[in-house]
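Please take a look at the structure below before reading on.

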Amino acid sequence: MLDVLPQMPEDSILGLSSACRSDPSPNKIDLTVGIYMNEEGVCPVFDAVRLAQQSLVAEETTKAYMAPAGDAAFNQGLQRLVLGSGSAALADARVSSIQTPGGCGALRIGAEIINAAAPGARVWVSDPTWPVHIPLLGSVGLRFETYRYYEPVSHGVNFDGMVEDLGRAGRGDVVLLHGCCHNPCGADLTLEQWSVIADMAERQGFMPFVDIAYQGLGDGLEQDVAGLRLLVERLPEVIIAASCSKNMGLYRERTGAALFVSSSAENARALLSQAQVAARRIYSMPPAHGALLAGRVLADAELKTNWEDELQAMCWRINGLRTSLVSKLEQNTDRDFGFIEREKGMFSFLGLTRAEAIALREKHSIYMLESSRINVAGVNGANIDYLAEAVGAVLRG
Ligand SMILES: Cc1ncc(COP(=O)(O)O)c(C=O)c1O
């Protein structure tokens, strides 16, 4: 029976990363997968997470299942982190959340809830968006429409195009937005632009679904959710998929949550019950370890400050790398790369052709997506000159 199934092609991003791992070149650089790397090329464990882990391991008395909604300290801590402790929706108990296996799990549970409320609803996604959004939401049965977003010539957001396209979104439609640090382009909306989207949602009746996977890695923990909070203040319903993979370094622990902001406390409770039923039919209970660590970090004032400081240092380092990359690339080419400094988070399209991205890989062992999207956090003091010189060599042809 099973032998009818053919071999599937390798995932485009993970495939390039594994090709880089087996490349024997001592100069190779992996700029593919969205993982924060420090100056030593290591994806580090946060100090606060390490401390929380030591106490958790010492105190843990059971490996019994988690509650279906997950760890209460984690859910409460994450709600405050994302929405702010002064959130009116939180004060009115109009928010519920379920711990999920990573941000992907949150996106999937959010999609299940949308599909339960409006089977086959249309989800508007940015052009481009993170490719995994499509199978995660599409496999539930949701349909897609695309709105214009990234403009390669200006290397910025085509906001007029976005507004024109979303002008066709109406009641019963969902608009998927990247909360900050857009993946793959790094071009984010300004607060004024978020406000225009909120006006449109109010007027036209569509519901925002916000994917926030990089809070703290753009400008800072508070600044990065200002747009999202504006939507939550103004609209009756918003779904949020939050991830702790990047901002707590908990990638492999699969730590995230789906948050449901709804029009009443009663509906918030109903949505949580729906989410628990959806989780039960997919994977039952969420994994414990990552959420127990994040819950401890968020609940303990000292650990939280320690974590916030380390995260802020990462954020500054990424922004510093962006500045250095602009100057090194401009020293080696006659192009304006200033846009890299205006973008947020880990990603940027360098604006190279597919042939140029392939030449960088084949001639210089520099691995980026063929769209020339790079993970800026894969750059460091030891590889930045080699990278900029190689880009210069490839552009000269
Ligand atoms: C835009 C976006 N959303 C969600 C996620 C989900 O991450 P995870 O499931 O690892 O928490 C990622 C991870 O790369 C992402 O880039």
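What follows is a walk through this predicted model, beginning with the sheet.

Seven strands form an open sheet in the order β2-β10-β9-β8-β7-β3-β4, and their pairing is mixed. As background, the strands of a sheet pair through backbone hydrogen bonds, either parallel or antiparallel. The edges here are held by β2 (95-100) and β4 (143-148); each has a single partner strand, so one side of each is left without a neighbour in the sheet. On average, neighbouring strands of this sheet are turned by 20 degrees against each other, direction ignored.

Strand β3 (residues 122-127) is joined to β4 by six bridges, and the two run parallel. Arg122 stands opposite Arg143 in β4. Two bridges join β3 to β7, again with the strands parallel, and here Trp124 has Val175 in β7 as its bridge partner. Five bridges link β7 to strand β8 (residues 207-212), and these strands also run parallel. Leu177 has Val210 in β8 as its bridge partner. Between β7 and β8 the chain passes through helix α8 (residues 191-204), and this β-α-β crossover is right-handed.

How many of the residues of strand β7 are buried? For β7 (residues 174-178) it is five of the five, so the strand is largely enclosed by the rest of the structure. Buried here stands for under 20% relative accessible area. Both faces of β7 are covered: Val174, Leu176 and His178 are buried on one side, and Val175 and Leu177 are buried on the other.

Helix α5 (residues 102-117) lies across β2, β7, β8, β9 and β10, and runs at about 160 degrees to β9.

Rolling a probe the size of a water molecule over the atoms shows where empty space is left. The largest pocket has a volume of about 620 Å³. Its lining consists of 25 residues, of which Val33, Gly34, Cys104, Trp130 and Lys246 lie nearest the centre of the pocket. The elements that give two or more residues to this lining are α1 (12-21) and α5. Helix α5 provides the largest share, three residues.

Conventions
Residues numbered from 1 in each chain as written. Predicted model: local features only at pLDDT ≥ 70, side-chain atom pairs only at ≥ 80, totals over all residues. Heavy atoms only, no water. Buried < 20%, exposed > 50% of the residue type's maximum accessible area, 1.4 Å probe, protein only. Helix = DSSP H or I, 4+ residues; strand = E, 2+ residues; numbered from the N terminus. Pairing = 2+ DSSP bridges. Right-handed = clockwise from strand over helix to strand, strands pointing away. Axes fitted to C-alpha atoms, helices over the stretch in contact; angles between N-to-C directions. Contact = heavy atoms within 4.5 Å. 1 Å grid on protein atoms, 1.4 Å probe; cavity = no way out; pocket = protein on both sides within 12 Å on 5 of 7 lines; lining within 4 Å. Points joined across faces, edges and corners; volume = space filled by probe spheres on them.
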